[in-house]
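Good morning, colleagues. Please have the sequence and the structure before you as I begin.

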Amino acid sequence: MSTVLVIAKEPVPGRVKTRLTPPFSPAEAARLAEASLADTLDVVRATPADRHVLVLAGAPGPWLPPGFQVIPQGAGGLDERLAAAFAWSARTHPGPALVVGMDTPQVTPRLLATALDFRDGAGALFGPASDGGFWALGLAAPDAELLRGVPMSVPGTGRAQRRRLTDAGLTVRDLPVLRDVDTAADALAVAAEAPDGRFAALHADLTVRGGVA
């Protein structure tokens, strides 16, 4: 029994991907966020799991594919919201849970299936991001206290989160490092890594039309 949770924001201009502006406009940044989220949801839907859940700040839109349960994000900082997602999963469905963000559209179903495989005895699976954060966290036995109080959105976030896991006595298996889409340079690199997705197609279109280098 396993759960994949995607933690995401509704792609509203001015509220998502603000670091893409400039060179992209707020509306274009929101469109890129929507494409990234849509690609991620398609990958998650193709990943073998008992539940596919969108943990959403905002309201779902036409970008939401079938097959997802939608729950609201909790209050507080990102650590509290992630903790609440794991707590909800543990309370409603026994078994391991994996949380991923909406910022890595280059992820694949095969990689996520690996992240849900705890047969090697690992207690946690950790996906580091190239900016020092993390793009995925899987727990064999979800425990909200493994996230509460971890400083988020700072260069040492990933290091602090991984230390929290090992300090709790968990064996941690590392996943490949992925690059989050935060800046225009990130968007260009990630589009090149996953050239067949919505994100890459939209990025190419906006770049050509807007002259973004």
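A residue is called buried when its relative accessible area is under 20%, exposed when it is over 50%, and partly exposed in between, with a 1.4 Å probe and protein chains only. The model is predicted, so local features need pLDDT of at least 70 and side-chain atom pairs count only at pLDDT 80 or more, while totals for chains, interfaces and linings use all residues. Residues are numbered from 1 along each chain as its sequence is written, and side-chain values use heavy atoms, with hydrogens and water left out.

I start with helix α4, residues 157-167; helices (H or I, at least four residues) and strands (E, at least two) are DSSP runs numbered from the N terminus. Its buried residues are Thr157, Gly158, Ala160, Gln161 and Leu165. Seen down the axis of α4, they fall within an arc of 170°, so they line one face of the helix; the arc is that of the directions from the helix axis to the C-beta atoms. Exposed Arg159 and Asp167 sit on the face turned away from that buried side. The cover over the buried residues includes β5 (124-128), β6 (134-139) and β7 (172-174). After α4 comes Gly169, with a positive phi near 85°.

Next, the interior. A nonpolar core is a set of buried Ala, Val, Leu, Ile, Met, Phe, Trp, Tyr and Cys residues joined through side-chain atoms within 4.5 Å. The largest one has 29 residues, of which Leu54, Leu98, Val100, Leu112 and Trp135 touch the most other members. Helix α1 supplies the largest share of this core, 6 residues. Apart from it lies another core, of 25 residues, including Leu5 and Phe86.

Definitions and conventions
Contact = heavy atoms within 4.5 Å.
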